[in-house]
Amino acid sequence: MTLPRHVTRSQQRPPRAASAGMEDGFLMEVCVDSVESAVNAERGGAGRIELCAGLVEGGTTPSMGLLQVVKQCVRVPVFVMIRPRGGDFLYSDREVEVMKADIRLAKLHGADGLVFGALTEDGRIDTELCTALLAACRPLPVTFHRAFDMVHDPQVALETLISLGFERVLTSGCDSSALEGLSLIKKLAEQAKGRIVVVPGGGITERNLQRILEGSTVSEFHCSARSARDSGMKFSVCIQRCLSSGLKLQAQPDPWGIPSATAALGNPNVAMGASFSAPEYSIKVADVAKVRTLNAIAKNIL
């Protein structure tokens, strides 16, 4: 395997055990979409990484190049998102072929686990497709992602996932955030009785993590812990046009933000990604300080 110029073989880090991060009772999974975020997540104390592209859409399949370099730079387990596009979780035959190919490639490039979800048109778990994809994923562990938050009956869906053999399910409790869906998360964790790991995720921050962990019986949680940082670009077409036309620049919270459309179908309380598109001159990355703070909160609860 050819390494990028900035990573030598002596710098490659051996993988940690899959249970890394659970020494103190809780495992923190951080979703990332860049090498920088993956490194920051590990530095902050994440026990597992969910590797994605397109977090603004709730996460899609990352490039194999990203997976390859992330695996060279971190030791914690890396679970790879398998989602061929944003939007719903009803997939065409050709999209299924893409998912199967991505699973094969992710395994080939060192994924420690995989993450996917698929539903039928009536909002139930697509057992036929999930069975086929699970077979392609083995022997790796698999998480059913937040497609779960769009199901018709979450308690029935949980039993289906258990019978299919998923190791984990990621959920906001079928609500706008894990805090808002806390009562259902607690019910699901109690229903699971250790047969599947229920992982709360969606809007988890240092302000609400304690309440979520204390209000449920979960042992893991999922977050992004991101902060925006300015781009290194010194030239901006937008700014240049303003200056050229003599306009004065005024600070705005999100000058390039565009509201996303709200889906009329499914669960109107749940959004898979961000409500605004990402500005080109600001980059969101996992924040080491935020990850450490979340980790400390989880440890302190014990």
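A contact here means heavy atoms within 4.5 Å. The model I am reading is a predicted one.

**Entry 1: helix H6**

I began with helix H6, which spans residues 182–192. I looked up its buried residues and noted Leu182, Leu184, Ile185, Leu188, Ala189, Gln191 and Ala192. I then asked what covers the buried residues of H6. Just after H6 I came to Lys193, whose phi is positive, at about 50°.

I recorded a general rule before going on: most residues other than glycine have a negative phi, and most peptide bonds are trans. I then looked up the places that depart from it.

Cys174 is not a glycine, yet its phi is positive, at about 60°. I located Cys174 in the loop between S6 and H6. Is Cys174 buried or exposed? Cys174 counts as buried because its relative accessibility is 15%, and the cut-off for buried is under 20%.

Ala225 also has a positive phi, near 50°. I found Ala225 in the loop that lies between strand S8 (220–223) and strand S9 (226–230). With a relative accessible area of 7%, Ala225 is buried.

I also looked at a peptide bond. The bond joining Arg138 and Pro139 is cis, with omega at about 15°. Pro139 belongs to the loop between helix H4 (127–137) and strand S5 (142–144).

**Entry 2: Met81**

I located Met81 in strand S3, residues 78–81. Its relative accessibility is 2%, and Met81 therefore counts as buried. Which residues does Met81 touch, not counting those up to four places away in sequence? I listed Glu50, Leu51, Cys52, Gly58, Gly59, Thr60, Thr61, Pro62, Val115 and His145. I also looked up Met99, 18 residues from Met81 along the chain; the C-alpha atoms of the two are separated by 9.9 Å.

**Entry 3: confidence**

The average pLDDT of the protein is 86, and 78% of the residues score at least 70. Over residues 17–21 the pLDDT stays under 50, and the model has 9 contacts for them beyond four places in sequence. Residues 251–264 also have a pLDDT below 50, and I noted 18 contacts for this stretch beyond near neighbours in sequence. Where pLDDT is low, the predicted coordinates should not be read in detail.

Note on methods
Residues are numbered from 1 along each chain as its sequence is written. This is a predicted model: local features need pLDDT of at least 70, side-chain atom pairs count only at pLDDT 80 or more; totals for chains, interfaces and linings use all residues. Side-chain values use heavy atoms; hydrogens and water are left out. Buried means under 20% relative accessible area, exposed over 50%, partly exposed in between (1.4 Å probe, protein chains only). Helices (H or I, at least four residues) and strands (E, at least two) are DSSP runs, numbered from the N terminus. pLDDT is the predictor's confidence in each residue, from 0 to 100.
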